[in-house]
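Hi everyone, thanks for coming. Please have a look at the structure on the screen, and I'll walk you through a few of its features.

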Amino acid sequence: MSMTSKINTFVYKNDNFIEKEDEIVSDETITLAINNSLTRSFSISPDSLKEFSVGYMLGEGLISSIENVETIDIEGNNISATIDLEDFDIKKELIVGSDCFGGWRSKIDFIDKVESDYVIDPNDLLENTEKIREKAITWKNTGGTHIASFINKEKNEFISREDISRHVAVDKVIGAAALKKLDFKNSYIIYSGRMPADVLIKIARVGIPIIASNAAPTLSGYTVADEANITMVGFIRRDKFNVYTHPERIIV
C-alpha cells in the first residue's frame with residue numbers, strides 16, 4: 001500500500017489562490033490480532049505491515065525473537081499473527097502500551113539491562129544522521145512523517161522506514177532487522193522524534209544499546225535509558241550532539 005495520496009490543494013500567494021496537485025501522507029487504521037486473544041488498532045502509515053507487526057511484538061515482549069513467530073497474514077488493513085507465547089498469559093500479563101509514560105511505567109521493572117560492549121565513532125553517528133535525511137523521501141514530499149534507521153556496520157545494513165508515528169517507525173526498523181536476523185546488540189537506531197520512555201523501553205526489550213535523535217529526550221526517557229544501560233544521544237546538529245546516558249559507547 002502507498003504511503004501517500006494525491007490531492008488538490010490551493011496555495012495562497014500574492015493575494016491569490018493557485019490550484020495545484022499535492023502529495024499528502026496517508027494515515028489509516030490498521031488492526032493487529034495476536035493469537036485471537038489480543039486485538040489492537042493503530043493509526044499508522046499503511047506500509048511495511050509485516051515488519052511493523054514483528055517489531056511491535058518484540059517491543060511488547062510478546063516474542064523474544066523472530067523464531068517465536070509462526071504466521072503473519074495480512075489482508076488489507078488487517079494483520080493476523082500467530083506466535084508461540086509459551087507460558088505468557090496474554091490477557092493477564094500484557095499491559096497494552098500507550099504513547100504516554102503512565103501506560104508503560106509498570107513495565108520498567110521487567111526490563112533487563114542492555115548488555116553490550118558496542119561502541120561507535122562520533123563521526124559515524126554524524127554521517128549516518130545526514131544519511132537518514134537523504135532517506136526521508138516521504139517526509140521531503142509531504143512533511144508528514146517520522147523516519148527511523150537501523151544501522152548494523154558488520155553486515156553493512158542501513159534500514160530506513162517512515163511512518164506518521166515515531167513509535168511505529170521504530171517498530172518497523174526493528175521488525176525489518178529481526179526478519180534479516182541482524183544482531184541487535186551490535187547495532188544502533190537513529191530516528192526523528194522525541195525520546196520518551198515508551199520508545200526507550202521498546203529498544204531496551206530487544207537489546208539495542210544506542211539510540212540517537214535530532215530531537216530532545218524527556219525525563220521519563222532519560223530515566224529508562226539510564227536504568228536500562230542505553231546510550232541516549234540527542235540534539236544532533238551538524239558537528240555536535242548531547243550524550244545523556246552511558247557516554248562510554250561513543251569513542252572520542
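A word on the ground rules. This is a predicted model, where local features need pLDDT of at least 70 and side-chain atom pairs count only at pLDDT 80 or more, while totals for chains, interfaces and linings use all residues. Residues are numbered from 1 along each chain as its sequence is written, and side-chain values use heavy atoms, leaving out hydrogens and water.

Let's start with the charges. How many salt bridges does a search of the whole structure find? It finds eight, a salt bridge being a side-chain nitrogen of Lys or Arg within 4 Å of a carboxyl oxygen of Asp or Glu.

One of them joins Lys172 and Asp47, with the closest N and O atoms 2.7 Å apart. This pair links distant parts of the chain, 125 residues apart: Lys172 is in helix α5 (residues 166-179), and Asp47 is in the loop between β4 (38-44) and α1 (49-60). For the labels, helices (H or I, at least four residues) and strands (E, at least two) are DSSP runs, numbered from the N terminus. Are Lys172 and Asp47 buried or exposed? Both are buried. Here buried means under 20% relative accessible area, exposed over 50%, and partly exposed in between, with a 1.4 Å probe and protein chains only. Asp163 joins these two residues in a network of salt bridges.

Asp171 is buried, at 2% relative accessible area, and Lys202 counts as buried because its relative accessibility is 5%. Helix α6 covers residues 197-206. Beyond residues up to four places away in sequence, Lys202 touches Gly59, His167, Val170, Asp171 and Ile174, where contact means heavy atoms within 4.5 Å.

Arg133 and Glu130 meet at 2.5 Å, N to O, and both lie in helix α3 (residues 122-135), three residues apart, about one turn of the helix. Why does that spacing work? An α-helix has 3.6 residues a turn, so residues three or four places apart point the same way. Arg133 is partly exposed at 35% relative accessible area, and Glu130 is partly exposed too, at 39%.

Next, helix α7 (residues 219-227), where Ser220, Gly221, Val224 and Ala225 are buried. Seen down the axis of α7, its buried residues fall within an arc of 130 degrees, so they line one face of the helix. That arc is taken from the directions from the helix axis to the C-beta atoms. What covers them? The cover includes α6, β11 (231-237) and β12 (240-245). Just after α7, Asn229 takes a positive phi of about 65 degrees.

Finally, the surface. Phe10, Tyr12 and Phe17 make a nonpolar patch of about 410 Å². Patches are made of residues with over 30% relative accessible area and no salt bridge, joining like charges within 9 Å and nonpolar side chains (Val, Leu, Ile, Met, Phe, Trp, Tyr) within 5 Å. The areas come from the Shrake-Rupley method with a 1.4 Å probe, and for residues only the protein chains shown count as cover. Phe17 is in strand β2 (residues 16-25), and at 61% relative accessibility Phe17 counts as exposed.
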